[in-house]
Amino acid sequence: MNAQGGLGGVAYSSNLEDALAVPGAPAMRIAEDFFGLSDLVKTDARLRRALTDPSRSAQEKASLVEALFSAKMNEGTVRIVKEMVAGHWSKPESLHDAAEVLGILAVLAAAKREGELAAVEGELFELRRFLASHRELRLTLSDMSTGDPHERGDLATRVFASRVSVWTMRLLRRAVGRSRHGRLLANLRRFAQWAAAIESKLLVTVETSAEMSAEQAARLRSLLEARFQREIALSVSVEDGVVGGFRLRADTTAIDASLATRIADMKRALAS
């Protein structure tokens, strides 16, 4: 998960890589450590302030981490958390976001260790497509007024556990427990993007008005790899809102070549 893996810009990802490189390091245990830390500092404002207080020395904060977590967390996790609290946090609430991301990356690392990262990436695509076309279920899973995160996670488990791997299921439970309306699909895409980045691939999502054949998808992949000079992780979905043409998104590049957009552009041009 260093720069070679495409995630060098993610805060503390190199520290996580070092922890996971230790023989026998339990990646899923480390993931749960970070998820637990994220939940704790999100709900406990006093602890959050104590761990990010710039007036306290790094040693003081490291001692607090040792006292609170050394008996509960993996040794590698504790080392990373000490590094985290030693840094400057202009927004203390960002600490729980950083811990959340490290937990997600640890799950993806566990899948990679078992040679299943590409499968997880594919399952995340499929989940996103399924939920995009099942609005009622998607809204229920991301409605924070309906039950607590654990209850929404249990619903996701009942629906999807028999269809996806344990790593994908853990990521989905995390996503539905923390996603507000409109964010669940975005979060699943983000997880798939990180899975692709770990394998040094660029995630490209394409929304079309009609199903692509295998030959068309292969041709598109070849064109995109020539354009971006990188191996492509391609996700193609049929979307009702795309009337003719396609919409494409790759990193910071977005192309909307749908007929609906071209008609709207024409109308604006005629009205100006």
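**Figure 1. Asp39, Glu100, Arg174 and Arg178 are joined in a network of salt bridges.** A salt bridge is defined here as a side-chain nitrogen of Lys or Arg within 4 Å of a carboxyl oxygen of Asp or Glu. The model is predicted, so local features need pLDDT of at least 70 and side-chain atom pairs count only at pLDDT 80 or more, whereas totals for chains, interfaces and linings use all residues. Residues are numbered from 1 along each chain as its sequence is written, and side-chain values use heavy atoms, with hydrogens and water left out. Helices (H or I, at least four residues) and strands (E, at least two) are DSSP runs, numbered from the N terminus. Arg178 is partly exposed, with a relative accessible area of 27%, and Asp39 is partly exposed, with a relative accessible area of 27%. For these classes, buried means under 20% relative accessible area, exposed means over 50%, and partly exposed lies in between (1.4 Å probe, protein chains only).

**Figure 2. Asp33 and Arg29 form a salt bridge within helix H2.** The closest N and O atoms of the two residues are 3.3 Å apart. Both residues lie in helix H2 (residues 27–43), four residues apart, which is about one turn of the helix. Asp33 is buried, with a relative accessible area of 8%, whereas Arg29 is partly exposed, at 38%. A search of the whole structure finds eleven salt bridges.

**Figure 3. Glu66 and Lys82 meet through their side chains in a salt bridge.** The N to O distance is 2.7 Å. This pair links distant parts of the chain, 16 residues apart: Glu66 belongs to helix H4 (residues 58–69) and Lys82 to helix H5 (residues 75–86). Glu66 counts as partly exposed, at 35% relative accessibility, and Lys82 is also partly exposed, with a relative accessible area of 27%.

**Figure 4. Four strands form an open sheet in the order S2-S1-S3-S4, with mixed pairing.** Strand S2 (232–238) and strand S4 (253–256) stand at the edges with a single partner strand each, so one side of each has no neighbour in the sheet. Neighbouring strands are turned by 10 degrees against each other on average, direction ignored. Two strands count as paired if DSSP finds at least two bridges between them. Strand S3 (residues 246–250) and S4 run antiparallel and are joined by four bridges. Arg249 stands opposite Ala254 in S4.

**Figure 5. Helices H7 and H12 pack on the sheet.** Helix H7 (residues 117–133) touches strand S1 (202–208) and S2, and its direction makes about 20 degrees with that of S2. Helix H12 (residues 214–228) touches S1, S2, S3 and S4, and its direction makes about 135 degrees with that of S2. Axes are lines fitted to C-alpha atoms, for helices over the stretch in contact, and angles run from 0 to 180 degrees between N-to-C directions. Contact means heavy atoms within 4.5 Å.

**Figure 6. Arg128 of helix H7 touches Leu185, Leu188 and Arg189.** This list of contacts does not count residues up to four places away in sequence. The C-alpha atoms of Arg128 and Leu185 are separated by 5.7 Å, although the two residues are 57 residues apart along the chain.
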